Amino acid sequence: MKKTNFSVTFLADRTPDEVFAAISDVRRWWSGDIDGDTDRVGAEFTYRHGDAHRSRQRITDLVAGRRVVWHVVDSNLSFLNHRNEWTGTDIVFDLSKKKAKTEVRFTHVGLSPQLECYDSCSSAWGMLINGNLRKLIATGEVQPDPFE
């Protein structure tokens with residue numbers, strides 16, 4: 001069986017540099033507690049949402065206006081039997097110019113339908129990427145927690 005990764009793509013009415021800045025300002029769209037730097041290669045930040053989710057990401061690639069990659073160094077998703085399913089996966093944002101718009105392609109490499117987390121995690125990413133991040137890019141306004 002071919003392993004597929006979760007992916008979401010949308011177009012934004014902003015420049016690639018504006019979209020890149022929004023993605024890199026993680027606290028404005030990924031609701032929860034974030035500790036650490038989110039804007040330089042080699043930096044690590046921890047994301048926590050209550051007792052349900054804790055993960056530590058290392059920024060492995062940042063190319064202004066083009067790409068952001070976070071490698072999940074450690075994870076604990078308390079609602080799963082296999083709590084560390086995110087560990088070793090990559091969270092990738094690829095940006096490209098499409099006429100007067102910017103295409104945002106989000107891929108969680110390693111989040112595949114075979115994983116226990118796939119349904120709930122892909123649903124959550126959908127709310128965060130198609131909801132919070134997309135709205136932040138469009139409005140510049142900090143987005144509320146969609147899980148409350």
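Start by selecting Phe6, Trp29, Trp30, Phe45, Tyr47, Trp70, Trp86, Phe93, Phe106, Tyr118 and Trp125: together they form one aromatic cluster. For the rings of Phe, Tyr and Trp (its six-membered ring), a pair has centres within 6.5 Å; planes under 30 degrees apart count as stacked, over 60 as edge-to-face and the rest as tilted. The structure holds 14 such aromatic pairs. Before you zoom in, note that this is a predicted model, where local features need pLDDT of at least 70 and side-chain atom pairs count only at pLDDT 80 or more, while totals for chains, interfaces and linings use all residues. Residues are numbered from 1 along each chain as its sequence is written, and side-chain values use heavy atoms, with hydrogens and water left out.

Trp30 lies in the loop between α1 and β2 (33–36) and Tyr47 in strand β3, so the pair ties together parts that are 17 residues apart in sequence. The helix and strand names come from DSSP runs, numbered from the N terminus: helices are H or I with at least four residues, strands are E with at least two. Trp30 and Tyr47 are both buried, where buried means under 20% relative accessible area, exposed over 50%, and partly exposed in between (1.4 Å probe, protein chains only).

Next, pick Trp70 and Phe93, which are an edge-to-face aromatic pair, 5.3 Å centre to centre with 65° between the planes. Trp70 is in strand β5 and Phe93 in strand β6, so this pair ties together parts 23 residues apart in sequence. Both Trp70 and Phe93 are buried.

Stay on Trp70 and show what surrounds it. Not counting residues up to four places away in sequence, Trp70 touches Ile23, Val26, Trp29, Trp30, Phe45, Gln57, Arg58, Ile59, Thr89, Asp90, Ile91 and Phe93; contact here means heavy atoms within 4.5 Å. Which residue of β6 stands opposite Trp70? That is Ile91.

**The sheet**

Switch to cartoon view. Seven strands form an open sheet in the order β1-β7-β6-β5-β4-β3-β2, with antiparallel pairing; two strands pair if DSSP finds at least two bridges between them. At the edges are β1 and β2, each with a single partner strand, so one side of each has no neighbour in the sheet. On average, neighbouring strands are turned by 20° against each other, direction ignored.

Walk through the middle of that order:

- β3 and β4 run antiparallel, joined by six bridges. His49 stands opposite His53 in β4, and the hairpin has three residues between the strands, with Gly50 taking a positive phi near 55°.
- β4 and β5 run antiparallel too, joined by 10 bridges. Leu62 has Val68 in β5 as its bridge partner. This hairpin also has three residues between its strands, and Gly65 in the turn has a positive phi of about 70°.
- β5 and β6 pair in the antiparallel sense over five bridges.

**Helices and core**

Colour the helices. α1 lies across β1, β4, β5, β6 and β7, running at about 160° to β6. α2 lies across β1, β5, β6 and β7, at about 15° to β1. Axes are lines fitted to C-alpha atoms, for helices over the stretch in contact, and angles run from 0 to 180 degrees between N-to-C directions.

A nonpolar core is a set of buried Ala, Val, Leu, Ile, Met, Phe, Trp, Tyr and Cys residues joined through side-chain atoms within 4.5 Å. The largest one has 38 residues, and Trp29, Trp30, Trp70, Trp86, Phe93, Trp125 and Ile129 have the most contacts inside it. The largest share of this core, eight residues, comes from α2.

Select His108 in strand β7 (residues 101–109). Is His108 buried or exposed? Its relative accessibility is 0%, so His108 counts as buried. Beyond neighbours within four places in sequence, His108 is in contact with Asn5, Phe6, Trp86, Thr89, Asp90, Ile91 and Trp125.

From there, jump to Cys121, whose C-alpha atom is 9.9 Å from that of His108. Cys121 and Cys117 form a disulfide with sulfur atoms 1.6 Å apart; the cut-off for a disulfide is a pair of cysteine sulfur atoms within 2.5 Å. The structure holds one disulfide, and this link is left-handed, with -55° about the S-S bond. Cys117 counts as buried at 0% relative accessibility, as does Cys121 at 4%.
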